[in-house]
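Me: Hi! I'd like to talk through a structure with you. Could you bring it up, please?

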Amino acid sequence: MTIIVHHLEESRSQRVLWLLEELGLDYEVRRYARNAQTRLAPPELKDIHPLGKSPVLQHDGRVFAESGAIIEYFAEHEHGGKLAIPAGDAARFDYLYWLHFAEGSAMLPLLLKLYVGMLGEAGGPLMAARIEPEIEAHLAHANRALQSADYFAGGRFTAADIQMSFVLDAGAQRGGLQRFPNLMRARAAHQARPAYQRALAKGGPYKMGA
Ligand SMILES: N[C@@H](CCC(=O)N[C@@H](CS)C(=O)NCC(=O)O)C(=O)O
């Protein structure tokens, strides 16, 4: 049965489209626009999942939310797990580490910057003292992991690279990614993949990928 992706513009959902393209799965995209003032998702998304966030998928009568869980699940279950690293493989922990680092660690300071930035000058001291060093530390850590390979785990392209791609996009938008050449190189390699380009065409405009 076709997978339905409830896709919010300019969002983490972009990487789910990319994963599905890499796996060659059939899916339908239902696009949602953000509120122009608040940038929040429209209320209709709460009809699909109580949190009303994107990505959220429907498939086989079930609802799938949380990008890391979605990506881990579909990468393991589809096409013989070609984008996953299985239990027992020496690179399994690196794979899980980067798959979870993206949302569990790296996105927090990048999101704080977005929200605290809305405070204008009042947020300046927090930004300078706490948020910027955290962003730098997380991006530098990821940059070091790509010192001798273009991929985060097992020396090959996996779903962990897809999950990390939104960190790189948010980093490029507001985290000074340009200071981290290995991350810049990986991001360019992501964007050159045909499946990435097909996902962009299906998802609609994605300025964060610029
Ligand atoms: N940790 C969740 C975060 C989901 C999330 O916050 N998605 C954002 C899009 S990037 C969203 O839907 N924002 C709109 C809103 O909060 O109304 C995930 O990775 O799926």
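Me: Thanks! Which polar backbone atom is 2.8 Å from an oxygen atom of the ligand?

Reply: That one belongs to Ala41. A polar contact here is a pair of N or O atoms within 3.5 Å; within protein, one must be able to donate a hydrogen and the other to accept it, and residues adjacent in sequence count only if both atoms are side-chain atoms. Keep in mind that this is a predicted model, where local features need pLDDT of at least 70, side-chain atom pairs count only at pLDDT 80 or more, and totals for chains, interfaces and linings use all residues. Residues are numbered from 1 along each chain as its sequence is written, and side-chain values use heavy atoms, with hydrogens and water left out.

Me: And what do Ser54 and Ser67 do?

Reply: Ser54 has a polar backbone atom 2.8 Å from a nitrogen atom of the ligand. With Ser67 the side chain takes part: an N or O atom there is 2.6 Å from a ligand oxygen.

Me: How much of the ligand does the protein bury?

Reply: The protein buries 84% of the 510 Å² that the ligand exposes when taken alone (accessible areas by the Shrake-Rupley method with a 1.4 Å probe; for residues, only the protein chains shown count as cover).

Me: How many residues surround the ligand?

Reply: There are 13, and the closest are Ala41, Lys53, Ser54, Glu66 and Ser67 (near means a heavy atom within 4 Å). By class, six are charged, four nonpolar and three polar.

Me: Where does the ligand sit?

Reply: The ligand takes up the largest pocket (more than half of its atoms lie within 2 Å of the grid points). A pocket is an open set of points on a 1 Å grid over the protein atoms alone, with protein on both sides within 12 Å along at least five of seven lines; a cavity is a set where a 1.4 Å probe fits but cannot get out, and lining residues have an atom within 4 Å of a point.

Me: What's the volume of the largest pocket, and what lines it?

Reply: The largest pocket holds about 960 Å³. Its lining has 33 residues, with Leu8, Arg12, Arg34, Lys53 and Tyr115 closest to the centre. H3 (92-117) gives the most, five residues.

Me: New topic: which residues line the largest cavity?

Reply: Gln14, Arg15, Trp18, Ser165, Asp169, Tyr196 and Tyr206 do. That cavity has a volume of about 30 Å³, and H1 supplies the largest share of the lining, three residues.

Methods: Ala, Val, Leu, Ile, Met, Phe, Trp, Tyr, Cys and Pro count as nonpolar, Asp, Glu, Lys and Arg as charged, and the others, Gly among them, as polar. Grid points are joined across faces, edges and corners, and a volume is the space filled by probe spheres set on the points. Helices (H or I, at least four residues) and strands (E, at least two) are DSSP runs, numbered from the N terminus.
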